[in-house]
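Hi there,

Here is the structure I promised to pass on to you. Have a look at it, and then read on for what turned up in it.

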Amino acid sequence: MALLPLAVVTGGAGFIGSHTVDKLIATGHRVVVLDNFSTGKRANLAQHAGSDRLSIVECDVSHGIFAGLAAITAKLGPVERIVHLAAQVSVVSSMANPGCDMQINYGGTLHVLEYARAMGVKKVVFASSAAVYGDVVKMPVAEDIPLQPMSPYGINKLASELALDCYASQYGVPTTALRFFNVYGPRQDPTSPYSGVISIFADRARSGRTLTIFGDGKQTRDFVYVGDVVRAIAAALGDGNSRLIANVGTGQAITVKELASTILDLCGGSSTIEHAPARSGEILDSRARVDRLRDQLGVVAETKLVDGLRATLA
Ligand code: NAD
Ligand code: UD1
């Protein structure tokens, strides 16, 4: 019997990564997770314990991935596809420590691409971000507008996209970059002050603690459910669509203020809302144009915010 295709998921123990692993295993892949467990957790992959479809290697992508993959590929055979999600994910942390962001987020991408080039990997899918756009006036944001990232995080995501395109055009490594908007859902870790806003608000609302809104709360975000994001990743991982860059969002946006009151309504608790100064380096508004996602990858992010929030709160 033919072996199942082997995919690597960097950052596979994290929020989006662990859902990606679930999806790939469910669709007939063997998966190797590369993760340094800085924010990811083995518990996120506990549902696959004992499965011969999943291997986990502790590895820091900013130091290269050849050594981490050598033993496992000697046993399992060559890597066919890579989903590169490993990153430091906070815009705020990147403002405080730009060098660290560059080493992990840009350096890590180069190491993944070098491996793909050397080993003839058939597809690399990269987690880029809406942060590459910067402050855009006209919504929704299309992929081909001029890019003006406002944070080292956005710069290193953009630099990674350029590297992907270069490796595709110059070395023939098929690559696709997905610009995720604000992803949310179960397993998003609320414990860091820099965690995603929905995970923080949900955690606080459930325990009756105060929700803090940075700025006036009129800033908008396009919140996309992790299940929809994972469908986009799976579609991009197939053959074709090399050098494609596509937004992954819903095409809808709400203000942070509206988000806070929706979560409080769903929780029905006694939390109050306070305001704190706006964060520096942040964009004001964000809403994806989703034509490419639909037309090139055949994916529509269809989970309604209220349904996704219910699933997250559950
Ligand atoms: P996460 O923190 O849950 O996942 C990141 C994973 O990468 C973790 O498992 C972490 O341990 C691992 N990691 C971090 N540094 C590493 C390193 N040097 N070597 C190996 N592993 C390392 O975050 P997430 O929300 O699941 O983000 C996944 C990807 O999606 C990231 O690239 C992030 O920039 C991107 N993204 C996320 C969002 C969002 O809203 N969550 C939006 C846009 C882009
Ligand atoms: C998020 C992602 C980033 C991604 C980007 C794409 C995280 C931690 N960050 O950045 O990786 O590239 O989307 O669009 O997942 N806020 C509050 N109170 C809080 C927390 C946040 O008011 O307690 C506000 C923030 O000031 C911001 C908004 O909520 O205006 C969203 O913040 P956050 O979830 O941290 O995400 P982004 O900065 O948009």
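A polar contact, as I use the term below, is a pair of N or O atoms within 3.5 Å. Please keep in mind that this is a predicted model.

Let me begin with ligand 2, where that term comes in. An N or O atom in the side chain of Asn182 is 2.9 Å from an oxygen atom of ligand 2, so the pair falls within the 3.5 Å limit for a polar contact.

Now to ligand 1. Its shell holds 28 residues, the closest being Asp35, Thr39, Asp60, Leu85 and Tyr153. Sorted by class, the shell has 16 nonpolar, 9 polar and 3 charged residues. The side chain of Asp60 places an N or O atom 2.8 Å from a nitrogen atom of ligand 1. The backbone takes part too: a polar backbone atom of Gly40 is 2.9 Å from an oxygen atom of ligand 1, and a backbone N or O atom of Val183 is 2.9 Å from an oxygen atom of ligand 1. Of the 820 Å² that ligand 1 exposes when taken alone, the protein buries 92%. Two or more shell residues come from each of α1 (15-26), β5 (123-129), α5 (152-171) and β7 (182-184). Among these, β5 gives the largest share, with 3 residues.

Helix α1 deserves a look of its own. From first C-alpha to last, its 12 residues reach 17 Å, close to the expected 16 Å. Because 9 of those 12 residues are buried, α1 is largely enclosed by the rest of the structure. Phe15, His19 and Leu24 are among the buried ones. After the helix comes Gly28, which has a positive phi near 85°.

Finally, some backbone details in the loops. Most residues other than glycine have a negative phi, and most peptide bonds are trans.

- Phe37 has a positive phi near 60°. It sits in the loop between β2 (30-35) and β3 (54-58) and is buried, with a relative accessible area of 18%.
- Asn241 also has a positive phi, of about 60°. Its loop runs between α7 (226-237) and β11 (244-248), and Asn241 is partly exposed at 23% relative accessible area.
- The peptide bond from Met139 to Pro140 is cis, with omega near -5°. Pro140 is in the loop between β5 and α5.

Enjoy exploring it!

Best wishes

Definitions and conventions. Residues numbered from 1 in each chain as written. Chains lettered and ligands numbered in written order. Predicted model: local features only at pLDDT ≥ 70, side-chain atom pairs only at ≥ 80, totals over all residues. Heavy atoms only, no water. Near = heavy atom within 4 Å. Polar contact = N/O pair within 3.5 Å; in protein donor to acceptor, adjacent residues only side chain to side chain. Areas by Shrake-Rupley, 256 points an atom, 1.4 Å probe, with all protein chains shown as cover. Helix = DSSP H or I, 4+ residues; strand = E, 2+ residues; numbered from the N terminus. Nonpolar A, V, L, I, M, F, W, Y, C, P; charged D, E, K, R; others polar. Expected span 1.5 Å × (residues − 1). Buried < 20%, exposed > 50% of the residue type's maximum accessible area, 1.4 Å probe, protein only.
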